[in-house]
Amino acid sequence: MRIGLIGAGHMGSTLAHLCADAGDDVAIANSRGPDTLRDLELMLGEHVIAATPDEAARFGDIVVLAVPFGHYQDLPAASLAGKTVVDACNYYPQRDGHRPELDDGRVTSSELIQRELPGAHVVKAFNAMRWDHLRDYRHSAGALRRYGIPVSSDDPAAKWRVMDLVEQLGYEPVDAGTLRAGGRKHQPGTDVYTADLWADELRDRIGVDA
Ligand SMILES: NC(=O)c1ccc[n+]([C@@H]2O[C@H](COP(=O)([O-])OP(=O)(O)OC[C@H]3O[C@@H](n4cnc5c(N)ncnc54)[C@H](OP(=O)(O)O)[C@@H]3O)[C@@H](O)[C@H]2O)c1
């Protein structure tokens, strides 16, 4: 599979590493340009190339957003149209600036991203585990227990594609529902956020019936 990553910091580079390990081809971008990512490109090997955000968006069958939420309006919307887009971002008002509609709970951050990218199929995932735990806590498919990753989307097909990716990267996907209902269950401030729960426990707390 081809994965585009927009954001090459803690989360973006960790996901690039996991995807390359799983045999995916990866294009990864930051805000400063591919030349600033040459060391990372070299370190991660032949399956990872440095790109611009627009190139990463066009490259990916799935494109992961791993930027500070406050930058979501800078994304290459036209190139993301038609794509499965994973929102790994979290809203932190101290970092991202206050958004009244998020502060009073009218919408979720993933719904705002979906509005900004009307042609994309947005799926919220990988937002609720710290980057270093995501790097270290994966298990192979045969393991008796695996850590759960909550996954929310309004688009069932896109959600399945991302659940497959979660599996591939060594975690068990847990369907949390829509961007509104599900997004509220695994955003900062919830009891599952960065709690590193086994999948069965995560499912008990937030899962929806299949
Ligand atoms: N850190 C975690 O443990 C963790 C866990 C789950 C979710 N998250 C969420 O994931 C997101 C990223 O967190 P992080 O810790 O990886 O942040 P980070 O280490 O600060 O990295 C942010 C990355 O985003 C890039 N970026 C910023 N604006 C951009 C733009 N307009 N276009 C392309 N790239 C842009 C930055 O590029 P430049 O350096 O070139 O500006 C940098 O590579 C945040 O929303 C965070 O809340 C983080």
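1. His186 touches Lys124, Asn127, Ala128, Pro150, Val151, Ser152, Ala176, Val192 and Tyr193, leaving aside residues up to four places away in sequence; contact here means heavy atoms within 4.5 Å. Keep in mind that this is a predicted model, where local features need pLDDT of at least 70, side-chain atom pairs count only at pLDDT 80 or more, and totals for chains, interfaces and linings use all residues. Residues are numbered from 1 along each chain as its sequence is written, and side-chain values use heavy atoms, with hydrogens and water left out.

2. Where does His186 sit? In the loop between helix 10 (181-185) and helix 11. Helices (H or I, at least four residues) and strands (E, at least two) are DSSP runs, numbered from the N terminus. His186 counts as buried because its relative accessible area is 0% (buried is under 20%, exposed over 50%, partly exposed in between, with a 1.4 Å probe and protein chains only).

3. Now the sheet: it's open, with 8 strands in the order 3-2-1-4-5-6-7-8 and mixed pairing (two strands pair if DSSP finds at least two bridges between them). Strand 3 (48-51) and strand 8 (172-177) are the edges, each pairing on one side only.

4. Strand 6 (residues 121-124) and strand 7 (residues 148-153) run antiparallel, joined by 2 bridges. Val123 stands opposite Ser153 in strand 7.

5. Helix 11 (residues 199-206) lies across strand 7 and strand 8, at about 0° to strand 8. Axes are lines fitted to C-alpha atoms, for helices over the stretch in contact, and angles run from 0 to 180 degrees between N-to-C directions.
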